[in-house]
Amino acid sequence: MQQHTTRAEAKTATRTSTGERRLTKRRAWPLAAFAGVVSAAVMLAVAELVALLVAKESSMVLALGSFVIDIIPPWAKTLVIELFGSQDKLVLLLSLGLAVLIAAALAGVLQLIRPPLGLILLGIAAVLSGLAIVTRTGATSLASVPTIIGAIAGAAVLAFSVSALRRWRDASLASPTAADSRAADSNAADSESDTDSPNSDSPAARRNVDRRSFFRLTLISAAAAAVVGSGARLLNSTTGAVDAFRSSLRLTTRSTVPIPAGAELNIPGLSPLFTPNADFYRVDTALTVPVIDATTWRLKIGGMVDTELELSFQDIQDMQTDEFVTTMTCVSNEVGADLVGSARWIGVPIRDILARVGVQSGADMVLSTSVDGWTAGTPLEALNDPGRNAILAIGMNGEPLPLEHGFPVRMIVPGLYGYVSATKWLTELKVTTFAADEGYWTPRSWSPLGPIKMSSRVDTPRADRQIAPGPTKVAGVAWAQHTGIEAVEVQIDSGQWQRATLSTAVNVDTWVQWFIDWEATSGVHFISVRAIDKNGKLQIEERVAPIPNGSSGWQRALVSVTS
């Protein structure tokens, strides 16, 4: 009997004298975790607001994200791009957000059970964020201010909210149980209003005050963080003025590139000769697209030069721009993948600008820098080559550069992978040497020179779509930038290699389209493709991963034909 009574008392021991569920230690943990998340949100929101006022580049989340991108090994970068493509940055931000959420919840729980460990953890996060910000290229003397003020605000919310939660928990645990105090509750019913009064010293009153304090502080802080943080981030990344400037631009060119007849085969499923801007691949380290005012933008040219030079956007327009047609390829592009595109670019030759500043003897590289601090080391020989149209581009497919593709000015260098040449949001050109400087990806195991390897791809039929038996066109693209494609050969299963029909090339720096006619039969087939350049060189057969200087190998595409 005694045992049954003890169990019954244990069941009722979690209820207070007023019938409320007691806030036990275990039940306080989720609330502490919530307080931690809210305090982190306040820290980020306040930091974003202060950054808007004093240092727009000092976003804590973006700085941490950029730091993660900087330290990620090349194989992981290639894997993420292969898995998620242009959504790689969204995946990174979501992953970073989840990590922040978990760490913030842990800080709240630690502050409840082992104060001040929660505040220490929050402080460590702030210090790491601050270091990530102040060590970025171009960071100002005020770069750390948003993080400091944000950390103070977040710490205050965490300390006060968890303190109220702890008092609520302690008051709840100190309250008499329902089993022991029914009579007291009955006698106190007539004076309920006095018991609930904030001025009462009763456990129930203290508990109610602390409970209200906790929820008021956390919920108001959460709402304020959501409004302030999202508003500040939106204002910090607004594109309205820049979009208006782009819309008002009228790009004129001194010359255009004639497109020969037969350059476009117009086969369904085949990549177009020119990739639309919206479909053009984007691979860079910027978590958010930089928004740059072209009216205040400047390009500095210095280093091993006779005369340093600074150019405005208007200066580049006044140099009389021309049109250039170039295919670009990312070094992370796997065999048969789509990190490649062709466009009509408007710009000025870089060699003309280098001639103005006077390159000194011994220089062999130009280090280009983006507004976000990213760098690329480009061989000086490629930039000065009169047969290679390396340009500063301000237009793409008949319009000003889209923001995500480098507005207001970017580099385009035919025949070189983008990681050594295609700097977007360009701010500086430094004439130097490979011995003295290196670009962003070179110390991360990538080759310093980055010539594009010849490659070919099957666009149609696609592996993920069945086709019907009968006459079918097998088609795709091939490229050997700065050399040109002479021939493309296609093999069905283990049959003979067939010469494909090629489109008319625009120039040696653009891809060509190709096709063969195939009488498709039911079943599963493999289509292999290989290219030959104008020097008679056959595309490398061996499959090699992108690291350290680009992928190679013949694509072997699987095609399913219905019965």
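Does Ile120 count as buried, partly exposed or exposed, and at what relative accessibility? Point 3 takes this up.

1. Overall make-up. This is a predicted model. The protein chain holds 14 helices and 18 strands. Of its 563 residues, 48% are buried. Taking contacts between residues at least 6 apart in sequence, 76% link residues at least 24 apart.

2. Surface. The protein chain has an accessible surface of about 26000 Å². Carbon and sulfur atoms account for 58% of that area.

3. Ile120 is part of helix α6, which runs over residues 117–134. Its relative accessibility is 45%, so Ile120 counts as partly exposed; the class lies between buried, under 20%, and exposed, over 50%. Ile120 also belongs to a nonpolar surface patch, together with Leu117, Ile124, Val127, Leu128, Leu131 and Val134. The accessible area of the patch is about 600 Å² in total.

4. The β12–β16 pair. Within this sheet, β12 covers residues 470–479 and β16 covers residues 512–520. The two strands pair in the antiparallel sense over 9 bridges. In general, the strands of a sheet pair through backbone hydrogen bonds, in either a parallel or an antiparallel manner.

How values were computed: Residues numbered from 1 in each chain as written. Predicted model: local features only at pLDDT ≥ 70, side-chain atom pairs only at ≥ 80, totals over all residues. Heavy atoms only, no water. Pairing = 2+ DSSP bridges. Helix = DSSP H or I, 4+ residues; strand = E, 2+ residues; numbered from the N terminus. Patch = residues over 30% accessible without salt bridge, like charges linked within 9 Å, V, L, I, M, F, W, Y side chains within 5 Å. Areas by Shrake-Rupley, 256 points an atom, 1.4 Å probe, with all protein chains shown as cover. Salt bridge = Lys/Arg side-chain N within 4 Å of Asp/Glu carboxyl O. Buried < 20%, exposed > 50% of the residue type's maximum accessible area, 1.4 Å probe, protein only. Contact = heavy atoms within 4.5 Å.
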